[in-house]
Amino acid sequence: MGKAKTYFCCQACGYQAAKWLGKCPECGAWNSLVEEVDAKAVAEARPAWGASGGQARPVPLSEVGAETEARRPTGIRELDRVLGGGVVAGSVVLLGGDPGIGKSTLLLSALERLSRHGPALYVSGEESLRQTKMRADRLSVHSPELHLYAETDAEKILGAAESMKPGALVVDSIQTMFLPELGSAPGSISQVREVAGRLMAYAKRTGVPTFIVGHVTKDGSIAGPRVLEHMVDTVLYFEGERGHPFRILRAHKNRFGSTNEIGVFEMKGQGLMEVEDPSALFLAERPVGKSGSVVTSTMNGTRPLLVEVQALVAPTGYGTARRTAIGVDGNRVALLAAVLEKKEDVQLVGCDIFVNVAGGMQLTEPAADLAVCAALVSSLQNKPLDAQTMILGEVGLAGEVRAVGSPEPRLVEAAKMGFKRAILPKGTARRLEQSPLTLVPVETLSEALQAMF
Ligand SMILES: Nc1ncnc2c1ncn2[C@@H]1O[C@H](COP(=O)(O)OP(=O)(O)OP(=O)(O)O)[C@@H](O)[C@H]1O
Ligand SMILES: [Mg+2]
């Protein structure tokens, strides 16, 4: 097969050039030229999808065969939770994450579990067979049905998969794979797009669940064309802070499940350990009896998680005051600081404000508002909060405390972790029939601060 011609196309105006240019001569856009493949050559090479089971015609919904066992648990509970209860037959899952975060480790462990039901294929374009074997030994992966293949030619990989008929496939990583007919280097936009397209077609046609590893760019998104994320069924990100052993698996997109669920792992020498009780982990090093530390509860899908919000308020040394927030939205912190100043007469002008969520968690829920306010006031006045009190509530611009969702699981989780009292919105408390904690319902920020200090 001859090499397909590629050209560079401006994504803003459609200008075509033979070579890459930093600036489009036609419309003047910067960095908008993207390598594309001659569409005709690719159309000839692309196999038909056949996802409708060989019937290339519209089919009534009622006639579509309901596949039994369409979803298969991998056996790694934290991964299954994020996938929505297991991996769906014929789905393509893209796993992205920083270098060395543990992508290969996670997928090798998952594939060994899947290989207990039949053969499974792990294709590595980054490591030799011996190196993959070394990792497998370290993780105690010894499944006889797990097959390794060190290859980067996507046609050979698909050929091997066709003849082997695995029950699950892992391709590590998409950036190392290439189709010889395209002629461009592995990792280039056209290669990534076409290889992903072939894998997608293979998965849909055969029903083999396929995992693809994707590298991420400096700003944290998956390297390669944005369209890659649109093509695949599920996009997972594996995150973690450098120096922390904790790893959080998060769904960015999921066609077959919620994107709210998270999976928590701990990286150890023997591999990734599932963390059954993440609240204990996030609260492990809490400074009890110190000011500026407040515990709140955040919902991640169906799972409540207790986290510690820390604040440090100190007089500004020189220049303008600094407002730094890690793990919470900086704008949200600025808004809450303004409400505290205006409504509660808390003097934050001339103070540097630092807010941090311990353990590298990200708080996206407004239900953490009241905890942020409490941490700020506690630090400013140097008054510690009662260590057995949990704080919950959204704060409005008028200083009102608004109701939050799913209070029951949050309170049960707090009781499990030894908390005795919860300060929460009146609207939420009213809906509760019983509670494992002593409830302190509040309607306004003033009431809440009074109950706290
Ligand atoms: N002997 C070991 N003991 C403890 N931890 C180890 C050991 N070997 C590797 N690790 C951990 O495993 C991590 C590498 O995992 P893995 O190779 O799965 O990452 P990756 O995301 O696939 O990386 P890449 O993007 O480079 O392919 C290391 O960063 C390290 O934390
Ligand atoms: Mg790897």
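Predicted model: local features only at pLDDT ≥ 70, side-chain atom pairs only at ≥ 80, totals over all residues.
User: What order do the strands of the open sheet have?
Analyst: The open sheet has nine strands, ordered β8-β7-β9-β10-β6-β11-β12-β13-β14, and the pairing among them is mixed.

User: Which strands stand at the edges, and why is one side of each left without a neighbour?
Analyst: The edges are taken by β8 (146-150) and β14 (271-274), and because each has a single partner strand, one side of each has no neighbour in the sheet. On average, neighbouring strands of this sheet are turned by 25° against each other, with direction ignored.

User: How do β7 and β9 run, parallel or antiparallel?
Analyst: Strand β7 (residues 120-124) and strand β9 (residues 168-172) run parallel and are joined by five bridges, with V123 standing opposite V171 in β9.

User: And where does α4 lie?
Analyst: Helix α4 (residues 129-138) lies across β7, β8 and β13 (262-268), and its direction is at about 145° to β8.

User: Switching to ligand 1, which residues come nearest?
Analyst: Of the 13 residues around ligand 1, the nearest are G100, K103, S104, T105 and R135, and the shell divides into three nonpolar, five polar and five charged residues.

User: Which element gives the largest share of that shell?
Analyst: That is α3, with three residues.

User: What lies 2.5 Å from an oxygen atom of the ligand?
Analyst: An N or O atom in the side chain of T105 lies 2.5 Å from an oxygen atom of ligand 1, while a polar side-chain atom of R138 is 3.2 Å from a nitrogen atom of ligand 1.

User: How much of the ligand's accessible area does the protein cover?
Analyst: The protein covers 63% of the 650 Å² of accessible area that ligand 1 has on its own.

Note on methods
Residues numbered from 1 in each chain as written. Chains lettered and ligands numbered in written order. Heavy atoms only, no water. Pairing = 2+ DSSP bridges. Helix = DSSP H or I, 4+ residues; strand = E, 2+ residues; numbered from the N terminus. Axes fitted to C-alpha atoms, helices over the stretch in contact; angles between N-to-C directions. Contact = heavy atoms within 4.5 Å. Near = heavy atom within 4 Å. Polar contact = N/O pair within 3.5 Å; in protein donor to acceptor, adjacent residues only side chain to side chain. Areas by Shrake-Rupley, 256 points an atom, 1.4 Å probe, with all protein chains shown as cover. Nonpolar A, V, L, I, M, F, W, Y, C, P; charged D, E, K, R; others polar.
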